[in-house]
Each structure stands twice: as structure tokens, then as C-alpha cells.
Amino acid sequence: MLAIDRAELDAQTGGDAALADEVLALFAGQCRSILPRLTDPSLPGPQRADLAHTLKGSAAGVGAMRVRACADAAEAQLRSGAAPAALDALVQAVAAALAEIADGAES
């Protein structure tokens with residue numbers, strides 16, 4: 001299964017390949033910025049939940065549906081005060097999305 005749903009990305013960018021590349025680059029940068037803070041247990045849960053929410057919205061906008069689902073689960077866990085068990089899956093989903101974005105940039 002692909003990490004980025006290209007049909008969803010095309011729908012979001014109107015099929016503009018250059019715009020899709022730009023949006024994916026922005027998403028990759030956001031992942032690299034957010035994920036270290038999101039997984040930092042020294043940050044308060046509500047702040048981490050807000051980061052998960054931001055990542056969830058960005059992921060939905062580029063068709064990174066597994067990242068979106070994992071960020072949604074992490075956000076819910078963090079908001080409820082539960083241990084954020086979904087973070088491991090989120091880290092893996094982000095890694096897969098970043099790898100796919102990098103592979104696409106090289107082609």
C-alpha cells in the first residue's frame with residue numbers, strides 16, 4: 001500500500017504536478033518539524049495533541065491517509081490523557097510517507 005494516495009493528492013492539487021511536488025515538500029518539512037516535538041514526552045499532552053491535530057490535517061491534504069489515521073488516534077489518546085500508544089505507528093507511517101516522497105523526488 002502506498003503511503004500517499006496519488007488520486008487524493010491530484011484531487012487536492014487539481015492535477016497540477018508542480019503544485020503536488022510543492023505541497024509534498026511542505027508536508028515533508030512539516031513532518032520533520034512536528035514529529036520530534038510530538039514524540040517528546042516532556043511536552044504537555046495538550047500541546048502534543050495540538051501537534052497531532054496539525055499533522056492530521058496536513059496529511060489529509062496530501063493524501064497521506066495512514067499518517068492521518070495514526071495522527072488522529074494519537075491526538076485522541078493525548079487529549080484523553082491516555083498513554084499515546086499510537087505514536088509508534090505514527091512514526092512508522094511518517095517514515096513511509098517521507099521515503100515515498102523522497103523516492104518520487106528522485107524520479
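## Cysteines

Cys 70 is buried, at a relative accessible area of 11% (buried means under 20% relative accessible area, exposed over 50%, partly exposed in between, with a 1.4 Å probe and protein chains only). Cys 31 also counts as buried, at 2% relative accessibility. Cys 70 takes part in no disulfide, and the nearest cysteine sulfur, that of Cys 31, is 12 Å away. A disulfide is taken here as a pair of cysteine sulfur atoms within 2.5 Å. The structure holds zero disulfides.

## Basis of the values

This is a predicted model, in which local features need pLDDT of at least 70 and side-chain atom pairs count only at pLDDT 80 or more, while totals for chains, interfaces and linings use all residues. Residues are numbered from 1 along each chain as its sequence is written, and side-chain values use heavy atoms, with hydrogens and water left out.

## Helices α1 and α2

Helix α1 spans residues 6-13, and its axis comes within 9 Å of that of α2, crossing at roughly 105°. Helices here are DSSP runs (H or I, at least four residues), numbered from the N terminus. The axes are lines fitted to C-alpha atoms, for helices over the stretch in contact, and angles run from 0 to 180 degrees between N-to-C directions.

On the α1 side the contact is made by Arg 6, Leu 9 and Thr 13, and on the α2 side by Leu 19, Ala 20, Val 23 and Leu 24. Contact means heavy atoms within 4.5 Å. By class, this contact has five nonpolar, one polar and one charged residues. The classes are nonpolar for Ala, Val, Leu, Ile, Met, Phe, Trp, Tyr, Cys and Pro, charged for Asp, Glu, Lys and Arg, and polar for the others, Gly among them.

## Helices α2 and α3

Helix α2 (residues 17-38) packs against helix α3 (residues 45-62) at an angle of about 160°, with 10 Å between the axes. The two helices are therefore roughly antiparallel to each other. α2 passes α3 in a left-handed crossing (the near helix is turned anticlockwise from the far one by less than a right angle; clockwise would be right-handed).

From α2, the residues that meet α3 are Val 23, Leu 24, Phe 27, Gln 30, Cys 31, Ile 34, Arg 37 and Leu 38. Their counterparts in α3 are Arg 48, Leu 51, Ala 52, Thr 54, Leu 55, Ser 58, Ala 59 and Val 62. The residues of this contact divide into eleven nonpolar, three polar and two charged.

## Helices α3 and α4

Helix α4 (residues 65-80) packs with α3 at an angle of about 160°, and their axes are 8 Å apart. α3 and α4 are therefore roughly antiparallel to each other, and α3 passes α4 in a left-handed crossing.

Among the α3 residues that meet α4 are Arg 48, Asp 50, His 53, Lys 56 and Ala 60. The α4 side includes Val 67, Arg 68, Asp 72, Glu 75 and Arg 79. This contact divides into nine nonpolar, two polar and seven charged residues.

## Selected residues

Asp 50, placed in helix α3, is partly exposed at a relative accessible area of 42%. Its C-alpha atom is separated by 8.9 Å from that of Arg 79, which lies 29 residues apart along the chain. Leu 26 lies in α2 and counts as exposed, at 60% relative accessibility. Between Leu 26 and Val 62, 36 residues apart in sequence, the C-alpha to C-alpha distance is 9.9 Å.

Gln 12 is found in α1 and is partly exposed, with a relative accessible area of 45%. Leaving aside neighbours within four places in sequence, Gln 12 is in contact with Ala 60 and Gly 61. Gln 12 and Arg 79 are 67 residues apart in sequence, with 29 Å between their C-alpha atoms. Asp 103 lies in helix α5 (residues 87-106) and is partly exposed, at 48%. The C-alpha atoms of Asp 103 and Glu 8 are separated by 18 Å, with the two residues 95 apart along the chain.

Key
Angles under 35 degrees count as roughly parallel, over 145 as roughly antiparallel, 65 to 115 as roughly perpendicular and the rest as oblique.
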